[in-house]
Amino acid sequence: MDDLHSPDPTEQSWGSLLRTNREEVLEKWTQTAAANLGGRMTPAEMGRDVDEIYSALVRADTGDQIDIRSAAYADLRSLLTELSRTRARQGFSPTETAVGVYALKDAVLEILEAHGDLPGYRAFARLSRIVDDLGMFMLETYATTREAVIAEQAEALLELSTPVVKLWDGIVALPLVGTLDSARTQVVMEALLQTLVDTGSEHAIIDITGVPAVDTQVAQHLLKTVQAARLLGAECIISGIRPQIAQTVVALGIEFGDIHTKASLADAILLAMRRSGLDVVKSR
Amino acid sequence: MDRIPILRIGDVLLVSIQIDLQDQTALALQDDLSSKIVETGAKGVLIDISALEIVDSFIGRMISTTAAVSRVLDAETVVVGMQPAVAITLVELGLTLDGVRTALDVDRGLALLSSALGKAGSDVEVDDLAHE
């Protein structure tokens, strides 16, 4: 085996190691990688990916350059980024994602064990470092993609979960579903207040039937919303308080003060309508 | 320095804040309003802050104290047209304007004032019904 990149005849570059055994490496690599995916990708698909990584890797071989952040590896990096993203969105696990590059080490090692020499092993050691780095790179990209997916979902959930519905002239309801944290409360509060102003409604019903648990923090958020609505000139009624929640609220010593609370949405609507009705009576 | 105009409509004084309040302007408004209430013997004060988009703790407190001063001078005070963002800011600052009446717009504010001035027992009635 001749070596293009190193003047020392006992040295062998990992690039030439890969090139010399191209067919064998590709075959074993594909096999190992596909075996770890348990049939979720066909060998043909895996073979295509492996082939692409192989070509980019061999192109990136510029002798002693083993820093995968360098320009020589730009093609390979973008290829791996694309692969990791696809895998993350398809729901592959981190191991299943990284095995695509790690399998290369097994493949080369197997070949070396069959007919390896010392320069070959040296080249393998360098290749091994690069493959490790590439694997880490893939995992990082994978994690970033997953985080992006989670952030998107959280945002979608925020928008989904804040409908303000009009029940009657001047009465709107906000059925809350799911856990209330600060970020959600903010969105919910803004949506409710804006609707109150836009529709000129003086009564708002906050229904917490779908809120799984009420602790001091959730109660605090509810109180803030009610106070803000009061500042606008609207009154809030909190409804949908389940027996367990009522007990928790009392046990925690949460004071709802002069805010009206009702067990069911129906009671709350009745109260709000009566209040609106009284306005009519008063103006007579 | 800008001065906020105070308009008299019958028994009611209407203060419409159309600019972002500076501290000095707010202080001057409190002076002007209290002397005007005494001068005209107004029974109600309507403070319209629908154009107010930015409040800090000082302006928030000024709104609160202005309303309190008017009440001491026996004029029912209603703050109307608060923007949602302003309401959220005030609540976050812990200024809930306790004891100040609020309404969604000037129209409802006037209705609230006339019913409050017309019959003093209206509050009790609301509570009575609410507890049924």
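Phe256(A) counts as buried, at 13% relative accessibility; buried means under 20% relative accessible area, exposed over 50%, and partly exposed in between (1.4 Å probe, protein chains only). This residue lies in the loop between helix 9 (243-251) and strand 5 (260-261) of chain A. The model is predicted, so local features need pLDDT of at least 70 and side-chain atom pairs count only at pLDDT 80 or more, while totals for chains, interfaces and linings use all residues. Residues are numbered from 1 along each chain as its sequence is written, chains are lettered from A and ligands numbered from 1 in the order in which they are written, and side-chain values use heavy atoms, with hydrogens and water left out.

**Around Phe256(A)**

- Leaving aside neighbours within four places in sequence, Phe256(A) is in contact with Leu223(A), Ile238(A), Val249(A) and Thr261(A), where contact means heavy atoms within 4.5 Å.
- Phe256(A) and Ala219(A) are 37 residues apart along the chain, and their C-alpha atoms are separated by 8.1 Å.

**Chain A as a whole**

- Chain A has 10 helices and five strands; helices (H or I, at least four residues) and strands (E, at least two) are DSSP runs, numbered from the N terminus.
- The radius of gyration of chain A is 32 Å, whereas a compact globule of 284 residues would have one near 19 Å. This radius is taken over C-alpha atoms, and the globule rule is 2.2 Å times the number of residues to the power 0.38.
- Along the principal axes, the C-alpha atoms of chain A fill a box of roughly 105 × 35 × 35 Å.
- Chain A is divided into domain 1 (14-156) and domain 2 (165-283), with bounds that come from an automatic or database domain assignment.
- Taken over C-alpha atoms, the centres of domain 1 of chain A and domain 2 of chain A are 55 Å apart.
- Of the 284 residues in chain A, 46% are buried.
- Among contacts in chain A with a separation of 6 or more, 73% are between residues 24 or more positions apart.
- Chain A has an accessible surface of about 14,100 Å², and carbon and sulfur atoms account for 55% of that surface. Accessible areas come from the Shrake-Rupley method with a 1.4 Å probe, and for residues only the protein chains shown count as cover.

- Where is Ile205(A) placed? Ile205(A) sits in strand 3 (residues 203-210) of chain A.
- Ile205(A) counts as buried because its relative accessibility is 0%.
- Not counting residues up to four places away in sequence, Ile205(A) touches a list of residues that includes Leu167(A), Ile171(A), Val172(A), Ile237(A), Leu265(A) and Ala268(A).
- One of these partners, Ala268(A), is 63 residues from Ile205(A) along the chain, with 6.8 Å between the two C-alpha atoms.
- Thr81(A) belongs to helix 4 (residues 74-90) of chain A and is buried, with a relative accessible area of 14%.
- Thr81(A) touches Phe137(A) and Thr141(A), again not counting residues up to four places away in sequence.

**Chain B as a whole**

- Chain B has five helices and five strands, and their order along the sequence is β-β-α-β-α-β-α-β-α-α.
- Buried residues make up 45% of the 132 residues of chain B.
- For contacts in chain B between residues at least 6 apart in sequence, 72% join residues at least 24 apart.
- The accessible surface of chain B is about 6,400 Å², with 51% of it belonging to carbon and sulfur atoms.

**Residues to look up in chain B**

- Ile19(B) lies in the loop between strand 2 (12-16) and helix 1 (23-40) of chain B, and is partly exposed, with a relative accessible area of 31%.
- The residues that Ile19(B) touches are Asp2(B), Ile4(B) and Leu52(B), not counting residues up to four places away in sequence.
- Val72(B) lies in helix 2 of chain B. Is Val72(B) buried or exposed? Val72(B) counts as exposed, at 70% relative accessibility.
- Val72(B) and Ser34(B) are 38 residues apart in sequence, and 9.7 Å apart in space, C-alpha to C-alpha.
- Asp74(B) is found in the loop between helix 2 (57-72) and strand 4 (76-80) of chain B, and is exposed, with a relative accessible area of 51%.
- Although Asp74(B) is not a glycine, its phi is positive, at about 60°. Most residues other than glycine have a negative phi.
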